[in-house]
Amino acid sequence: RVKLNELLSKHSTFKIGGPARYYVEVVEESKIVELLNFLSGEGIKYFVLGGGSNVLFPEEYDGVVIKMKNEKFIIKNNEIIADAGVALALVVNLAVENGLTGLEWAVGIPGTVGGAARGNAGAYGSDTSKSLEKATIWQDGEVIELSKADCRFSYRDSLFKQQGGNSVILRVYFKLEKGDKVEIMKTMQEYGLQRGCRITSNPTCGCSFKNVEIKDYAGDRSLLDPKFIERGKIPAGWLIEQAGCANVAGHHTRLSNLHNNILENTGGATQGDILKLVAEIKERVYNKFKVELEEEMEIVY
């Protein structure tokens, strides 16, 4: 299915984004591969879209947006095999139904399996890479299989994110462990309640900035919560709050009063509006801590 001048705000949880020259929904893996081969061969600009939960679109995208609609998934013993277009929530539910542990952290996270693997999504001390065993991908005209090590995972990063459209996830293999179903559900309920407290009435894309590695913090460590040092990361929200950014706002956008690392679109915000507020927050944090915050959301130009 091909649509012309499709508004990207309809496909982003941020509700921001103008028309894409072409918007293509692809269901079959073979067609995804054919399309990627054609676009890359012709040198045509493209962006691969998952669930749209961690992306900031521009006012106009002069290229092709490929919406991954391959949505098959199966379970074999302790392994869940899921296409990139499968909603992450479906995989989490399948895991808990079968008493498999390893994906509790993902409860309530929107988006797709492919998007989670690409950005190495995570929470509560865990992430996608912990349970991902391997991935089938399209890379420079070929369909290949990569091991976890080949995926080059790091904090909110991966080979796929580093290489952009040259490496596209088609399918993910999760290797999970048998656990106590009651304990799994209890943990998920706790995480779900914590995440629910951050849900705003305005559109957001979730956390806007990456947490900061302790090694990148040159300030007075005695000011830090011991938990930060233990975990090896300082929450971006804490740095933002300490830098005096609470309640900071811009044109049609503001920092959420529920979580200091979430930007809200209060109605009619553009990419430029968000980026202006991002720049202000980053400047304040740098001036106070000499720490350069890095965006967690993907900014599409």
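What follows is a working chat about a predicted model of a protein.

Trainee: What is the make-up in helices and strands?
Mentor: The protein has eight helices and 20 strands. Keep in mind that the model is predicted.

Trainee: How does the radius of gyration compare with that of a compact globule?
Mentor: The two agree, because a compact globule of 301 residues would have a radius of gyration near 19 Å and the protein has 19 Å. The C-alpha trace spans about 55 × 50 × 35 Å along its principal axes.

Trainee: What share of the residues is buried?
Mentor: Buried residues are 49% of the 301.

Trainee: Switching to charges. How many salt bridges are there?
Mentor: The structure holds 18 salt bridges. One of them joins the side chains of R171 and D83, at 3.5 Å from N to O.

Trainee: Which parts of the chain does that pair tie together?
Mentor: R171 is in strand β13 and D83 is in strand β7 (residues 79–83), so the bridge ties together parts that are 88 residues apart in sequence. Strand β13 covers residues 167–175.

Trainee: Are R171 and D83 buried or exposed?
Mentor: R171 is buried, at 19% relative accessible area. The cut-off for buried is under 20%. D83 is buried too, at 9% relative accessibility.

Trainee: What else does R171 touch?
Mentor: Leaving out residues up to four places away in sequence, R171 touches E29, I81, A82, D83, A84, A135 and T136. D83 in that list is the salt-bridge partner.

Trainee: Where does R21 find its partner?
Mentor: R21 forms a salt bridge with D62, with the closest N and O atoms 3.7 Å apart. That pair also links distant parts of the chain, as R21 is in strand β2 (residues 19–26) and D62 is in strand β5, 41 residues apart. R21 is partly exposed, with a relative accessible area of 45%.

Trainee: What about K10?
Mentor: K10 forms a salt bridge with E6, and their closest N and O atoms are 3.1 Å apart. K10 is exposed at 52% relative accessible area, whereas E6 is buried at 7%. Salt bridges with shared partners join K3, E6 and K10 into one network.

Trainee: Which residues form the nonpolar patch on the surface?
Mentor: V2, L4 and Y22 form the patch, with about 300 Å² of accessible area together. V2 is in strand β1 (residues 2–7) and counts as exposed at 56% relative accessibility.

Trainee: Last one: where is E59, and what does E59 touch?
Mentor: E59 is in the loop between β4 (55–56) and β5 (61–68). Beyond residues up to four places away in sequence, E59 touches G18, P19, T270 and Q271. E59 counts as partly exposed, at 45% relative accessibility. The C-alpha atoms of E59 and R152 are separated by 32 Å, and the two residues are 93 apart along the chain.

Methods: Residues are numbered from 1 along each chain as its sequence is written. This is a predicted model: local features need pLDDT of at least 70, side-chain atom pairs count only at pLDDT 80 or more; totals for chains, interfaces and linings use all residues. Side-chain values use heavy atoms; hydrogens and water are left out. Patches are made of residues with over 30% relative accessible area and no salt bridge: like charges are joined within 9 Å, nonpolar side chains (Val, Leu, Ile, Met, Phe, Trp, Tyr) within 5 Å. Accessible areas come from the Shrake-Rupley method with a 1.4 Å probe; for residues, only the protein chains shown count as cover. A salt bridge is a side-chain nitrogen of Lys or Arg within 4 Å of a carboxyl oxygen of Asp or Glu. Helices (H or I, at least four residues) and strands (E, at least two) are DSSP runs, numbered from the N terminus. Buried means under 20% relative accessible area, exposed over 50%, partly exposed in between (1.4 Å probe, protein chains only). Contact means heavy atoms within 4.5 Å. The radius of gyration is taken over C-alpha atoms; the globule rule is 2.2 Å times the number of residues to the power 0.38.
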